[in-house]
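Please read them against the model.

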Amino acid sequence: MEIVDNEDVASWVYDSLSVQPNKIPLYITLERSLSRSVSEGSQDMNNRSDPSFQYDDVDSTIFSTELDDQSPIAVSSPHEQIIVNFDLDNADNVSYGSREEDENPTHGVEINVSVQPLDDNFASSSSYRSKKRRTEDFENVTIVDTNEDILVVQLYPSKKALKQHLGMLAIRKNYEFKVKRSTSDQFEVGCLDPSCKWRLRAVKLQELTYFEVRKFHNEHSCSLDIMHRDHRQASSSLIGQFVKSKFEGGTSRIYRPRDIIDDARVQLGVNMGYNKAWRAREAALEIARGSPEGSFAILLAYCAMLERKNQGTITHIETDEHNHFLYFFMAIGASIRGFRDSMRPVIAIDGTFLKGKYFGTMFVAACQDGENQIYPLAFGVVDSENDASWSWFLTKLRGAIGVVENLVFISDRHGSIAKAVDIVFPEAHHGACIFHIANNLQSKFGKKRKILMLYHTAAKKYQVSEFNTLMDDIRKIKDGEVCKYLEDIGCHKWARAHFMGYRYNMMTSNIAESMNAKLKEARKLPITALMDHLREVLQQWFVERRDAANSLNTHLTKWAENKVRKNNNSGLHMRVSPIDLYAFQIHDQSQTFTVDLNNMTCTCREFDLDRLPCAHATIACRFKGVSVYSMCSQFYTANALMLAYAEPIWPVGNKSEWDVSQDVQNKIVLPPIRQVIPGRRKTVRIPSVGDDAIRKKCTRCGGAGHNRATCKNPIPLD
């Protein structure tokens, strides 16, 4: 450290006290102006018996000090014991008096030392502050505005925060600096030009993490020739701090490295290459959303807080013997209870790939409420879709929902899903998604409109007789190959007429697919941020749908009410013939159907399978004088909808406020052991067999291959 004036001396003393608060060496030069009266009888130290003795030949005396706020400082020299009363804040002089520790002291000393007050600038820098004062500053510290200049005595929560502030100021004011010293308790920088006097020095406060600016000369006299084309302080991490707000508060915003390059040039005057811009974007994402490794580390604590805030929530983390991540399961308590009390027992399950550093696959289990809206039930994160992962996920799902009567699963024809459902839910029925089968038909037999039309119509028919008629028509195509392919799959898997359970109107797994589409951008997040994003989506949906349900003034939900009204209008022209008290024969043109209101059935089977009155049942209710709403399943009522979203979903709060047990804090989940593929991560889904590539059309310019957010084409002026 360079010492050139009183300010540097006092700073050095204070810095030394911060490092070794109880004892430091203090060097004081004694000049002729410092007189001393020595008692007679002393024979040492250059004839001390002479009362007129002056310290002409003494260069310095070494004192060892002990500091306790304003308490006395014990000072020792090789020849005498001296007491110093030293008020660091207020004293303009220091009095030294003799202390007699022996019965027969060899000498007595009284020294008066004049202390020159420091200049006002340094006095304001609080280099002589007491520990109590520094503690008060720490408690009252405010957030630093990186757009403002740095001030002496300004406090920063860490050295990193100080470096960020310095870097942003250097970029905005177009100068560069270099680090001269950087230790755990000191930080000193100077201008890149050696002839420039610009410099800053900060010191870590004793027993605190805060750094205080002690000295700051804020005048530059450097040449512009030393500036680099790519600013020295414009690191990717600092630019990441500058653009981090672009990634906060949402996951769907498109902000590319090219946008960072443009913004840095326009707003900061910094030119950078694509590589640095890409690294700045990665740094901003990590600041805003956390690192993948850190996300795995706090996953257990997050789950503990989630379960505490939301009663009945179930989470499971599976790790290997070395504590590396394997599987994860999450089901919010409010969703579990809503499903058991208010949902049709049909669950669509599907998997989709994740786009983060460690990739993996996310499992989704979802159902539909009375409004035909997606009702997420459970989520999982695994390595891939395989027998072990699907069995593990469905086992945890069974533990969450228990035994559900007439339970049905809908999925694609993935072999691992079929095996897992048969093993874990042997009492449940498993149906195939008719959309995925249609894609397979296209890939195998071509895009024949007639085949697809006949297939979809047959799959949705309620009556076996009607289904068989359509299958006869399909059998005539391609020499019966199409019909054979569908029969090999199993008609009971995809045809409503032959399905053993109650699929209601859920013929596809589109609700799970739609949930995956909803999370398209969120699937890039680290695992803990992804789970909290899912919780936030559920929180928002529950609030919006709870308000919508409370505003209903009908007995049924809007979707069910419209369907029943449509059926009622269709049945107005039909003729009713009573059979007994609750059974009726309905004449619909050339066809007749039998309705049993007591058992809630109709020979058209629509009333049976959908659990909503068909057109024949509505006219029978009108004839009998029975409320048509009494024939509707409770799953479609407005009361069930309100009950499904009655409970709020609570956030876990800020990480600094989490209160978890010591065992949870000590257990760190490590990232999965997977090969991290170099290069840019793939984020575009590989199309399944039979999928058509979707061509985007821009709503701004009308061009294909991009959307409005990424459009760069000029708009012609009319």
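1. C632 is buried, at 10% relative accessible area. Buried means under 20%, exposed over 50%, and partly exposed in between, with a 1.4 Å probe and protein chains only. The model is predicted: local features need pLDDT of at least 70, side-chain atom pairs count only at pLDDT 80 or more, and totals for chains, interfaces and linings use all residues. Residues are numbered from 1 along each chain as its sequence is written, and side-chain values use heavy atoms, with hydrogens and water left out.

2. Zero disulfides turn up in a search of the whole structure. A disulfide here is a pair of cysteine sulfur atoms within 2.5 Å. For C632, the nearest cysteine sulfur belongs to C621, 8.4 Å away.

3. C701 is in no disulfide either; its nearest cysteine sulfur, that of C711, lies 3.7 Å away. C701 is partly exposed, at 30% relative accessibility.

4. Now the helices. Helix α5 (residues 236–243) and helix α7 (residues 274–289) have axes that come within 7 Å and cross at roughly 60 degrees. Helices are DSSP runs (H or I, at least four residues), numbered from the N terminus. Axes are lines fitted to C-alpha atoms over the stretch in contact, with angles from 0 to 180 degrees between N-to-C directions.

5. How are α5 and α7 oriented to each other? They are oblique. That term covers what is left after roughly parallel (under 35 degrees), roughly antiparallel (over 145) and roughly perpendicular (65 to 115).

6. In α5, the residues meeting α7 include I239 and V243; their partners in α7 include A280 and I287. Contact means heavy atoms within 4.5 Å.

Conventions: Helices (H or I, at least four residues) and strands (E, at least two) are DSSP runs, numbered from the N terminus.
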